[in-house]
Amino acid sequence: MIETINLLKENLKNETVVIAVSGGPDSMALLQIVNSLKEKLDLKLVCAHVNHKQRIESEEEAVMVEDYCKQNDIIFEYMTIEDYNKTNFHQDARTKRYNFFEKCVKKCQAKHLLTAHHGDDLMETILMRIVRGASFKSYAGFKDKIEKDEYTILRPLVYYTKEEIENYVKENNIPYRIDQSNNKDKYTRNRYRKYILPHLKNEDKRVHHKFYKFSKTIEAYEEYINKETNKYYQEVFKEEKLNIEKFKILDKIIQIRIINQILFNIYKEDLSLITDKHQELIYNIVTNNKPNQEINLPNKFIGIKTYNEFYIKRQDKYTNYKLELIDKVILPNKKMVEKQSKTNDNSNYTIKLNSKEIKQPLYIRTRQDGDKIEIKGLNGRKKVKDIFIDEKIPKQERKDWPILVDSNNTILWIPGVKKSKFDKQNKENYDIIIKYH
């Protein structure tokens, strides 16, 4: 374990360290190694153990880890998870687990969190992501060192295989427990572990070092491409919206990276939900010539293309409304339609009406199928739907765009867009002023 020990010596000294320990051979080996360096490096150790309550052995494992900590003067921090999101058990368990680890780090004012990910874990992760499809960055698997805002995550066992670690714990009589669920073929990672990795190791016993080099190479390329991408990202993505015209003139590799960055900023810890298929879908709708498109994304997000813009938002339930306008109405889009006493505004954001020509009360409602308006200055009526298209109103916004009608359901105004023949000039007679803002 020379490489692991050297990494620990380089990074840890005179500090508090939190070690994530499940009770399996990997984490117990790591705990033993760090404990053996405790006095030499002047370390205060904290063992963080999570009981997932999924197996009858979980209680006994917790007792074993706690006993080890008592015998070696290691602080023992313990958490039990009582309930999970059943639709995504593993992701929910991971999130809760790492939230607990972070609480331990902050509570103990630690500088480092150590986890027992090893070389086999790295190979499995890389292979799974290649087969499933992921971003270029994800193909690196996981990093052996991650700089967080207030602490650093280290994975010191990444240089070794599962077999080497198991031999180490047996040779040193380190207590551990085996999670039998790791042998079940229903889990994807287990199938890679049992059937694919052995073939690779038969070709080269040190193949995990080549995967580690592969991971580091991707990280280096990733760092360079990031620098190039950031130059353009700030230009084409502003106020959470992608400028499609500027985006289209960029090299494809930069375009893909910008899409990945947008997805990363939204999903962050849930990035495993995103595949290259989602990236491809976004790229296709952004670069084709159709002006309005939508795609569904994981976790109830929706990608929206509207003319020269693309953005991602949470799916909102469409609100169909009809509200009486007495003094003012606050709309679902957070804007307001309000009566005024006077105005100098003649834009489409203000309308002046003569109460003798319309039937009160007035209402603000959403668009209905077949809606038509007699536009001021034109003969005849025009479909509201066609006006929205002509004015390039985003398709997503048309559903709940406000429309002013009287009690006869006559359309008087499409706020901010068009006024009807009922609008009055300053020199004409009017006694109602309404503003949209």
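## Helix contacts

In α6, Asp 120, Asp 121, Met 123, Glu 124, Thr 125, Leu 127, Met 128 and Val 131 meet Thr 188, Arg 189, Tyr 192, Arg 193, Ile 196, Leu 197, Leu 200 and Lys 201 of α8. Contact means heavy atoms within 4.5 Å. Helices (H or I, at least four residues) are DSSP runs, numbered from the N terminus. The model is predicted: local features need pLDDT of at least 70, side-chain atom pairs count only at pLDDT 80 or more, and totals for chains, interfaces and linings use all residues. Residues are numbered from 1 along each chain as its sequence is written, and side-chain values use heavy atoms, with hydrogens and water left out.

By class, the contact of α6 with α8 has eight nonpolar, two polar and six charged residues. Here Ala, Val, Leu, Ile, Met, Phe, Trp, Tyr, Cys and Pro count as nonpolar, Asp, Glu, Lys and Arg as charged, and the others, Gly among them, as polar. The axes of helix α6 (residues 119–132) and helix α8 (residues 188–203) cross at roughly 105 degrees and come within 10 Å. That makes α6 roughly perpendicular to α8. Axes are lines fitted to C-alpha atoms, for helices over the stretch in contact, and angles run from 0 to 180 degrees between N-to-C directions. Angles under 35 degrees count as roughly parallel, over 145 as roughly antiparallel, 65 to 115 as roughly perpendicular and the rest as oblique.

A further pair consists of helix α2 (residues 25–36) and helix α7 (residues 162–171), which pack at an angle of about 60 degrees with axes 9 Å apart. α2 and α7 are therefore oblique to each other. On the α2 side, Pro 25, Asp 26, Ala 29, Gln 32 and Ile 33 take part, meeting Lys 162, Ile 165, Glu 166, Tyr 168 and Val 169 in α7. This contact of α2 with α7 has six nonpolar, one polar and three charged residues.

## Nonpolar cores

A nonpolar core is a set of buried Ala, Val, Leu, Ile, Met, Phe, Trp, Tyr and Cys residues joined through side-chain atoms within 4.5 Å. The largest one has 44 residues, of which Leu 12, Ile 19, Met 28, Leu 31, Val 34 and Leu 114 touch the most other members. Its largest share, six residues, comes from α2. Met 28 is in contact with Val 21, Gly 23, Met 64, Val 65, Tyr 68, Ile 174, Pro 175 and Tyr 176, leaving aside its neighbours within four places in sequence. Another core, of 24 residues, lies apart from the largest one and includes Ile 259, Leu 263, Ile 282 and Phe 301.

## Selected residues

The table lists accessibility; buried means under 20% relative accessible area, exposed over 50%, and partly exposed in between (1.4 Å probe, protein chains only).

| Residue | Relative accessible area | Class |
|---|---|---|
| Thr 4 | 0% | buried |
| Ser 58 | 6% | buried |
| Ile 266 | 28% | partly exposed |
| Lys 231 | 53% | exposed |

Thr 4 lies in helix α1 (residues 2–11). Residues up to four places away in sequence aside, Thr 4 touches Ile 33, Pro 156, Leu 157, Tyr 159 and Tyr 160. Ser 58 belongs to helix α4 (residues 58–71). Ile 266 is found in helix α11 (residues 252–267); Lys 231 is in helix α9 (residues 207–236). The C-alpha atoms of Lys 231 and Ile 2 are separated by 41 Å.

How values were computed:
Helix = DSSP H or I, 4+ residues; strand = E, 2+ residues; numbered from the N terminus.
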